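Trainee: I would like to go through this model with you, one question at a time. Shall we look at it together?

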Amino acid sequence: MTHSTNPTDLILVTGPSGAGRSTAIHALEDAGFEVIDNLPLSLTARLLETGTDRPLALGIDVRNRDFSVDALLSLAARLRTRPDFAVRLLYLDCAPDTLVARFSSTRRRHPLAPFEDVETGVAREISILADVPDHADVVIDTTALTVHDLKAEVLRWFGEDDRRLAISVQSFSYKRGVPRGLDIVMDVRFLSNPHWVADLRQGTGQDGQVRDHVVADPRFADFYDRTRGLILSLLPAYRDEGRAHLGIGFGCTGGRHRSVAVTEMLCETLAEQGWQVSKRHRELDRRGNGAVDKGPGTRDHGVSAA
């Protein structure tokens with residue numbers, strides 16, 4: 001096996017058909033990666049037996065005969081135990097209606113519904129991949145991105161001149177369990193719950209009034225100052241230790257108000273400090289009312305930002 005002083009970058013690229021996997025793969029190839037697309041998962045271990053000193057990107061297609069989400073996540077977990085590779089899973093997301101429009105414009109049949117309508121194929125593939133974003137190190141939402149935008153976004157994360165610790169922060173509901181893959185988890189159920197305020201119940205932690213309610217809790221300032229200080233002190237250590245990704249989670253009862261507000265605030269803080277951060281609000285995404293970009297520096301799940 002070929003050894004190198006630093007671990008070799010290994011990017012696993014996946015996502016629904018039409019979301020831009022081929023574009024992302026080509027961007028990585030232009031950045032100096034050795035690229036292999038549509039490799040069966042069962043052959044990956046054999047491919048990596050001899051090692052490599054060149055960064056490697058593998059395109060994972062749901063249409064492969066041995067593909068399953070469990071197999072993909074197991075592969076990523078096994079590869080992350082290898083000291084010779086710095087593994088990151090890149091998931092390309094896209095709104096269903098945009099995927100349908102892309103297939104319709106090219107008059108292509110959907111690979112998972114060759115004899116049915118495109119909508120059926122898109123829904124089927126999104127359902128199969130539903131759990132993958134929770135485990136991805138980087139998620140890029142390509143819904144509003146042009147080909148050139150997507151290439152730039154990929155290079156922002158994986159370009160040779162910008163290999164940095166990637167941080168993802170997500171909110172979640174304890175009712176649905178703690179997401180797998182988080183390194184730091186904070187329980188914010190002790191904060192005053194906007195759910196019990198009639199005028200705030202239908203809002204989310206992205207709304208100013210809801211955030212103001214959370215911040216007004218007498219316990220919030222001390223909690224947030226200590227949490228922010230702790231995380232900012234740890235990030236350089238994780239980076240120097242060679243970590244490629246760090247997952248941080250904030251949980252509350254419903255995953256709609258308190259955890260969302262704190263996630264938004266921490267992402268803003270990290271971006272202001274120059275860290276590469278993406279965010280996801282798990283419960284809002286599942287309800288279909290996920291966040292919109294609040295400005296430069298951080299973007300919502302799916303759209304990563306430097």
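Trainee: Which side chain meets Lys279 in a salt bridge?

Mentor: Happy to start there, with a word on the source: this is a predicted model, in which local features need pLDDT of at least 70, side-chain atom pairs count only at pLDDT 80 or more, and totals for chains, interfaces and linings use all residues. Residues are numbered from 1 along each chain as its sequence is written, and side-chain values use heavy atoms, with hydrogens and water left out. A salt bridge here is a side-chain nitrogen of Lys or Arg within 4 Å of a carboxyl oxygen of Asp or Glu. At 2.9 Å, N to O, the partner of Lys279 is Glu264.

Trainee: Which elements hold Lys279 and Glu264, and how many residues apart are they in sequence?

Mentor: Helices (H or I, at least four residues) and strands (E, at least two) are DSSP runs, numbered from the N terminus. Lys279 lies in strand E9 (residues 276-281) and Glu264 in helix H10, so the pair ties together parts whose separation in sequence is 15 residues.

Trainee: Are Lys279 and Glu264 buried or exposed?

Mentor: The classes rest on relative accessible area: buried is under 20%, exposed is over 50%, and partly exposed is in between, with a 1.4 Å probe and protein chains only. By that scale, both Lys279 and Glu264 are buried.

Trainee: What is the distance between the closest N and O atoms of Arg219 and Asp217?

Mentor: Accessibility first: Arg219 is partly exposed at 45%, whereas Asp217 is buried at 5%. The two form a salt bridge, and their closest N and O atoms are separated by 3.0 Å.

Trainee: How many salt bridges does a search of the whole structure find?

Mentor: Some share partners, and in this way Arg21, Asp37 and Asp61 are joined into one network. Over the whole structure, the search gives a total of 15.

Trainee: At what angle do helices H4 and H5 pack, and what is that arrangement called?

Mentor: Two packed helices are described by the angle between their axes and the distance between the axes. Axes are lines fitted to C-alpha atoms, for helices over the stretch in contact, and angles run from 0 to 180 degrees between N-to-C directions. H4 (residues 96-106) and H5 (residues 118-128) have axes 9 Å apart and an angle of about 135°. Angles under 35 degrees count as roughly parallel, over 145 as roughly antiparallel, 65 to 115 as roughly perpendicular and the rest as oblique, so H4 and H5 are oblique.

Trainee: Which residues of H4 and H5 make the contact?

Mentor: Contact means heavy atoms within 4.5 Å. From H5 come Val118, Glu119, Val122 and Ile126, and from H4 come Pro96, Leu99, Val100 and Phe103.

Trainee: Which residues does Arg54 contact, leaving aside neighbours within four places in sequence?

Mentor: Arg54 is found in the loop between helix H2 (44-47) and E3. At 42% relative accessibility, Arg54 is partly exposed. The contacts of Arg54 are with Thr8, Gly32, Phe33 and Glu34.
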